[in-house]
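Thanks for coming. Please have the sequence and the structure open while I talk.

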Amino acid sequence: MKQQAFIGTDSFSKLFLCLQEYSPNELFLVRGKHSYECCGAKDEVDRVVSILGCRVIEFSDFQENPKIEDMEKGLELLHTTNANVVVAIGGGSVLDMAKLIRFFYSYSGNPIGRNFKKERELLPLIALPTTAGTGSEATHFAVLYKDRIKYSVEHDDILPDYAIIYSPFTYSNDKYLTACSGFDALAQAIEAYWNVNACEESDEYAEKAIYLLWQNLPLAVNAPTKDIRDKVSEGAYWAGKAINITKTTAPHAFSYPFTTYYGYPHGHAVALVFPYIAALNLNIEAMNISKLYSLLGINDSEMVEDIFLEFLSNIGLQKRECDIFDNKLILDNVNLSRLKNNPVVINKEMAINLINRI
């Protein structure tokens with residue numbers, strides 16, 4: 001089934017229509033712990049559920065950055081229900097968790113492997129992000145951690161059936177969350193554009209995302225309005241659509257150990273390395289690189305690093321002054337599959353130089 005997406009401040013009404021299609025007696029809800037109520041989602045969902053008259057089984061007993069043990073707990077809970085639809089409401093970790101639970105409810109196989117066998121029909125999955133940035137609602141892969149190692153589980157049936165981009169859920173996000181999630185989206189869009197796997201379709205999505213995010217993200221962090229939040233939410237969705245085709249590149253490949261071992265949230269971790277890798281990637285001659293300069297308003301290739309450093313300083317995503325990074329630890333945990341998508345081949349010497357620059 002091709003995903004259906006609904007975007008805008010009236011999009012939440014589509015949740016009732018989607019659920020009504022399946023006439024659920026029980027629905028399985030994967031949600032955030034505190035954000036679910038704080039962003040207003042609980043009140044909205046309670047209203048829909050009361051009209052439908054169905055029972056809700058909730059799962060929120062998991063940590064940020066989905067762990068295999070948490071996924072197995074959720075899967076066990078789902079097996080005890082008669083739910084015929086899954087709803088996910090939250091940030092990227094929540095959406096990834098729901099995608100994994102829904103997938104492995106129907107498929108057997110090693111969760112960190114690549115061979116899966118379908119055992120039963122998929123339950124429909126409806127994804128509603130409460131942050132603007134992860135793109136998880138629009139991708140056919142999900143992050144899963146085992147023993148502090150990050151894996152990407154990929155399959156066409158991991159993609160949610162419906163994505164509802166209801167930006168009012170992001171209106172109460174604080175500055176730091178807005179910056180982290182928003183820069184993750186912007187990085188995704190730019191990485192999709194310079195990606196070795198880029199194509200006409202991914203470029204179209206990436207351009208939409210960059211247009212909406214580059215100018216509006218600093219405003220969403222420092223002087224948010226509803227209109228600005230709406231644009232950033234939409235931009236984040238298009239960024240997710242872009243990387244669903246291309247996947248990410250070197251900034252994401254280097255980011256994971258900064259999260260796992262130094263506690264940086266994902267978007268902040270990407271920001272740590274982005275200016276230095278952008279300076280490498282935007283100094284090659286290619287037609288799409290020239291177009292990217294135009295989209296970002298960059299006139300001088302020598303200024304790329306400084307421009308991104310200033311952008312990140314403006315939204316508060318600098319390195320913590322107290323941190324000293326272990327080069328070997330970072331290098332040993334770079335995601336090589338994502339690194340292969342980068343337009344410039346980064347060798348060990350270049351990688352060490354990047355870490356030292358940070």
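Helix α5, residues 92-106, lies across β2, β3, β4 (86-90) and β7 (125-129). The helix runs at about 165° to β4. Such angles are taken between N-to-C directions and go from 0 to 180 degrees; the axes are lines fitted to C-alpha atoms, for helices over the stretch in contact. Helices (H or I, at least four residues) and strands (E, at least two) are DSSP runs, numbered from the N terminus.

Before I go on, a word on the source. This is a predicted model, in which local features need pLDDT of at least 70 and side-chain atom pairs count only at pLDDT 80 or more, while totals for chains, interfaces and linings use all residues. Residues are numbered from 1 along each chain as its sequence is written, and side-chain values use heavy atoms, with hydrogens and water left out.

Now the sheet. It is open, has six strands in the order β1-β10-β7-β4-β2-β3, and the pairing is parallel. Two strands pair if DSSP finds at least two bridges between them. β1 (4-7) and β3 (55-59) stand at the edges with a single partner strand each, so one side of each has no neighbour in the sheet. On average, neighbouring strands are turned by 20° against each other, direction ignored. Helix α4, residues 68-79, also packs on this sheet and touches β2 and β3; contact means heavy atoms within 4.5 Å. The direction of α4 makes about 165° with that of β3.

Look next at β2, residues 26-31. Five bridges pair β2 with β3 in the parallel sense, and Phe28 has Ile57 as its bridge partner in β3. To β4, β2 is joined by four bridges, again running parallel. There, Arg31 is partnered by Ile89.

How many residues of β2 are buried? Six of the six are, so β2 is largely enclosed by the rest of the structure. Buried means under 20% relative accessible area, exposed over 50%, and partly exposed in between, with a 1.4 Å probe and protein chains only. In a regular strand the side chains alternate between the two faces of the sheet. In β2, Glu26, Phe28 and Val30 point one way, and Leu27, Leu29 and Arg31 the other way.

Ile89, in strand β4, is buried, with a relative accessible area of 0%. Leaving aside neighbours within four places in sequence, the contacts of Ile89 include Leu29, Val30, Arg31, Val94, Leu95 and Leu128.

For contrast, Ser23 is exposed, at 54% relative accessible area. Ser23 sits in the loop between α1 (13-22) and β2, and its phi is near 45°, a positive value in a residue other than glycine. Lys247, in the loop between α9 and α10 (250-262), also has a positive phi, near 65°.

On to the nonpolar cores. A nonpolar core is a set of buried Ala, Val, Leu, Ile, Met, Phe, Trp, Tyr and Cys residues joined through side-chain atoms within 4.5 Å. The largest one has 50 residues, and Phe183, Ile190, Phe274, Leu282, Phe308 and Ile315 have the most contacts inside it. Elements that each supply at least two residues of this core include β10 (162-165), α7 (200-213), α9 (226-246) and α11 (266-281). Which helix gives the largest share? That is α6, with 11 residues. Another core, of 30 residues, lies apart from it and has Tyr105, Leu123, Ala142 and Ile158 among its members.

Last, the rings. Rings of Phe, Tyr and Trp (its six-membered ring) pair if their centres lie within 6.5 Å; planes under 30 degrees apart count as stacked, over 60 as edge-to-face and the rest as tilted. The count by this rule is 20 aromatic pairs. Phe103 and Tyr107 are a stacked pair, because their ring centres are 4.3 Å apart and their planes at 10°. Both Phe103 and Tyr107 are buried. Phe183 and Phe311 make a tilted pair, at 6.3 Å centre to centre and 45° between the planes. Phe183 is in helix α6 (175-194) and Phe311 in helix α13 (304-314), so this pair ties together parts 128 residues apart in sequence. Ring pairs link Phe183, Trp194, Trp214, Phe274, Phe308 and Phe311 into a cluster.

Two charges also sit over rings, which requires NZ of Lys or CZ of Arg within 6 Å of the ring centre and within 35 degrees of the ring normal. Arg120 lies over the face of Tyr105, 4.2 Å from the ring centre, and Lys208 has its charged end over the ring of Trp238, 4.1 Å from the centre.
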